[in-house]
Amino acid sequence: MVVTAPIEFISLSNARKLRGSLRPLVEQPKAPPEPEDNYSGRFHARMQAYARALPPAPSYASEHMRMKPVMDKVRADPQGLLRPISAGFKVFCSPEDHPDGEYAPKPPALVATVHWRWADETITGLDIRLDNPADIGWVNAKIRKLFAQADMDMPAYYINP
């Protein structure tokens, strides 16, 4: 026994519509899958445009580079009264420029040693060691002038015995 289905006739325009709906001529691009958490996915995608790269954490090397303009001025001192050391500089006086303010016919004498003050890997100030605590005003003026020549703000300073 053979069972046949009734035959329906389809017009030519309907056949084209049917054919187009069954097999599209151009494959449509698929949408990317939605993230599980729609809010966070969309939020992060939009905020990416506003994201800024964080500066690298300070390190000993980067902090020494930050003080490079000051150290360049120390090295280029025409009178040789500022001398570099590993993490700072030394301040000397000359017979013409002396903390006492009077002419002293002595060779250049050490007045202060200035080291960087560290907190972890960041320079937070200056540690100043003086031979004579009364010379702090003269030394402070010299250090401020040095930082001004280097176009930097002088950090806080601490007097060490």
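Author: The model itself is predicted.

Reader: Which residues are the closest to the centre of the largest pocket?

Author: The largest pocket holds about 280 Å³ of space. It is lined by 14 residues. Those closest to its centre are Asp77, Gln79, Leu82, Lys142 and Lys145.

Reader: Which element gives the most to the lining of the largest pocket?

Author: Two elements, β2 and α5 (136–149), each supply at least two residues of this lining. One of them, with five residues, gives the most: α5.

Reader: In what order do the elements of the protein chain run from the N terminus on?

Author: Start with the totals. The protein chain has five helices and five strands. From the N terminus on, their order is α-α-α-α-β-β-β-β-α-β.

Reader: What share of the contacts in the protein chain between residues at least 6 apart in sequence join residues at least 24 apart?

Author: The protein chain has 161 residues, and 25% of them are buried. Now take the contacts between residues at least 6 apart in sequence. The share that joins residues at least 24 apart is 47%.

Reader: How many residues apart are tyrosine 60 and tryptophan 118?

Author: The chain has two aromatic pairs. Tyrosine 60 sits in helix α3 (residues 60–66) and tryptophan 118 in strand β3 (residues 109–119). This pair links distant parts of the chain, and the separation is 58 residues.

Reader: Is tryptophan 118 buried, partly exposed or exposed?

Author: Buried means under 20% relative accessible area and exposed means over 50%. Tryptophan 118 has 28%, so its class is partly exposed.

Reader: Which strands hold phenylalanine 89 and tryptophan 116?

Author: Phenylalanine 89 and tryptophan 116 form an edge-to-face aromatic pair, 6.2 Å centre to centre, with 65 degrees between the planes. The pair ties together parts that are 27 residues apart in sequence, because its two residues lie in strand β2 (residues 88–93) and strand β3.

Reader: What is the relative accessible area of tryptophan 116?

Author: The cut-off for buried is under 20%. Phenylalanine 89 is buried, because its value is 0%. Tryptophan 116 is buried too, with a relative accessible area of 4%.

Reader: How far apart are the C-alpha atoms of aspartate 127 and tyrosine 158?

Author: Aspartate 127 belongs to strand β4. Among its contacts beyond four places in sequence are Trp116, Arg117, Tyr158 and Asn160. Aspartate 127 is buried, because its relative accessible area is 15%. Along the chain it is 31 residues from tyrosine 158, but their C-alpha atoms are separated by 5.0 Å.

Reader: What is the relative accessible area of glutamate 63?

Author: Glutamate 63 is in helix α3. Leaving aside neighbours within four places in sequence, it touches Pro58, Trp118, Glu121, Thr122 and Ile123. Glutamate 63 counts as buried, because its relative accessible area is 6%.

Reader: Which value is phi of aspartate 120 near?

Author: Most residues other than glycine have a negative phi. Aspartate 120 is in the loop between β3 and β4 (122–130). At 71% relative accessibility, aspartate 120 counts as exposed. Its phi is positive, near 60 degrees.

Reader: What is phi of aspartate 151, about?

Author: Aspartate 151 is found in the loop between α5 and β5 (157–160). Aspartate 151 is exposed, because its relative accessible area is 73%. Although it is not a glycine, its phi is positive, at about 55 degrees.

Terms used
Residues are numbered from 1 along each chain as its sequence is written. This is a predicted model: local features need pLDDT of at least 70, side-chain atom pairs count only at pLDDT 80 or more; totals for chains, interfaces and linings use all residues. Side-chain values use heavy atoms; hydrogens and water are left out. Rings of Phe, Tyr and Trp (its six-membered ring) pair if their centres lie within 6.5 Å; planes under 30 degrees apart count as stacked, over 60 as edge-to-face and the rest as tilted. Helices (H or I, at least four residues) and strands (E, at least two) are DSSP runs, numbered from the N terminus. Buried means under 20% relative accessible area, exposed over 50%, partly exposed in between (1.4 Å probe, protein chains only). On a 1 Å grid over the protein atoms alone, a cavity is a set of points where a 1.4 Å probe fits but cannot get out, and a pocket is an open set with protein on both sides within 12 Å along at least five of seven lines; lining residues have an atom within 4 Å of a point. Grid points are joined across faces, edges and corners, and a volume is the space filled by probe spheres set on the points. Contact means heavy atoms within 4.5 Å.
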